[in-house]
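I opened the notebook for a quick look through this structure. Here are my entries, in the order I made them.

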Amino acid sequence: MHSDVTVFVDRDGTLNEDPGYLSSPDGLVLYPGVVEAVARLKQAGCSVVLVTNQSGIGRGYLTRTNLQAIHDKLENVLMKGGGSLDGIFFCPHLPDEGCDCRKPKTGLIHQAVETLKVSTAHSYMVGDKQSDMELANNIGAIGVLVTTSSVSHEAIKAEMRGGLHIESITLTFSDAVEWILQDVVKKQ
Ligand SMILES: [Mg+2]
Ligand SMILES: [Zn+2]
């Protein structure tokens, strides 16, 4: 069991298709293999924590109630597959509000550490965007980039040449989990 390992996970473009400001549970479409992959992490004893920027709330595209409904559905689907999330933390703010929780800022991680008593000492951050990988660097987590979404990975690779550190680039969330579980074993 790897009870000291925390896996921080982005939502849109990582676990589910990103339609741009997902606003209702009906629009939640998980990528293939995600349910099983979350279950595998839980079975291995990892903490799994969702950290997501939801500026659609600040923009008025969805309410906190809508977001809660989406997350209720997500947790239900995961639970049916034998998995679960230890916590869900979101930033509702606009990019120009100057909050301390919009990724790549570290506020969501601090909230998770305080609320769940998880540790970042041996942690991973899985996401599809540069901001996720910058967050990984900011908290000393191992960054794992997934390339399932339509985000331009060329730009991210250019950032890597400029010093952004990404430990692994994988295709899907399933692949990311596979890689993480091997990496955990290697580091024991
Ligand atoms: Mg994303
Ligand atoms: Zn925020």
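**Entry 1: proline 19.** Does proline 19 count as buried or exposed? I noted first that the model is a predicted one. I counted 11 C-beta neighbours inside 10 Å of proline 19, and the limit for an exposed residue is 12 or fewer, so proline 19 counts as exposed. I found proline 19 in the loop between E1 and H1. I also looked up its distance to threonine 148: the two are 129 residues apart along the chain, and their C-alpha atoms are separated by 13 Å.

**Entry 2: valine 5.** Next I went to valine 5, in the segment before strand E1 (6-9). Is valine 5 buried or exposed? I got 24 other C-beta atoms within 10 Å, and 20 or more is the cut-off, so valine 5 is buried. With neighbours within four places in sequence left aside, I listed Cys46, His122 and Val184 as contacts of valine 5. Serine 152 lies 147 residues from valine 5 in sequence, and I read 29 Å between their C-alpha atoms.

**Entry 3: the nonpolar core.** How many residues does the largest nonpolar core have? I noted 46, and those with the most contacts inside it are Val7, Phe8, Val49, Tyr124 and Val126. I followed up on tyrosine 124. Setting aside its neighbours within four places in sequence, I found tyrosine 124 in contact with Val7, Phe8, Ala141, Ile142, Val144 and Ile180.

**Entry 4: helix H5.** I then checked which residues of H5 (residues 130-139) are buried. They are Gln130, Asp132, Met133, Glu134, Leu135 and Ala136. Looking for what covers them, I found that the cover includes strand E4 (123-127), strand E5 (142-146) and helix H6 (153-161). Just after H5, I noticed that glycine 140 takes a positive phi of about 70°.

**Entry 5: H1 against H7.** I logged the crossing of H1 and H7 as left-handed. Which residues meet there? From H1 I wrote down Val34, Ala37, Arg40 and Leu41, and from H7 Phe173, Ser174, Val177 and Leu181. By class, I have six nonpolar, one polar and one charged residues in the contact of H1 with H7.

Definitions and conventions. Residues numbered from 1 in each chain as written. Chains lettered and ligands numbered in written order. Predicted model: local features only at pLDDT ≥ 70, side-chain atom pairs only at ≥ 80, totals over all residues. Left-handed = near helix turned anticlockwise from the far one by under 90°. Helix = DSSP H or I, 4+ residues; strand = E, 2+ residues; numbered from the N terminus. Contact = placed C-beta atoms within 7 Å. Nonpolar A, V, L, I, M, F, W, Y, C, P; charged D, E, K, R; others polar. Core = buried A, V, L, I, M, F, W, Y, C linked by C-beta atoms within 7 Å.
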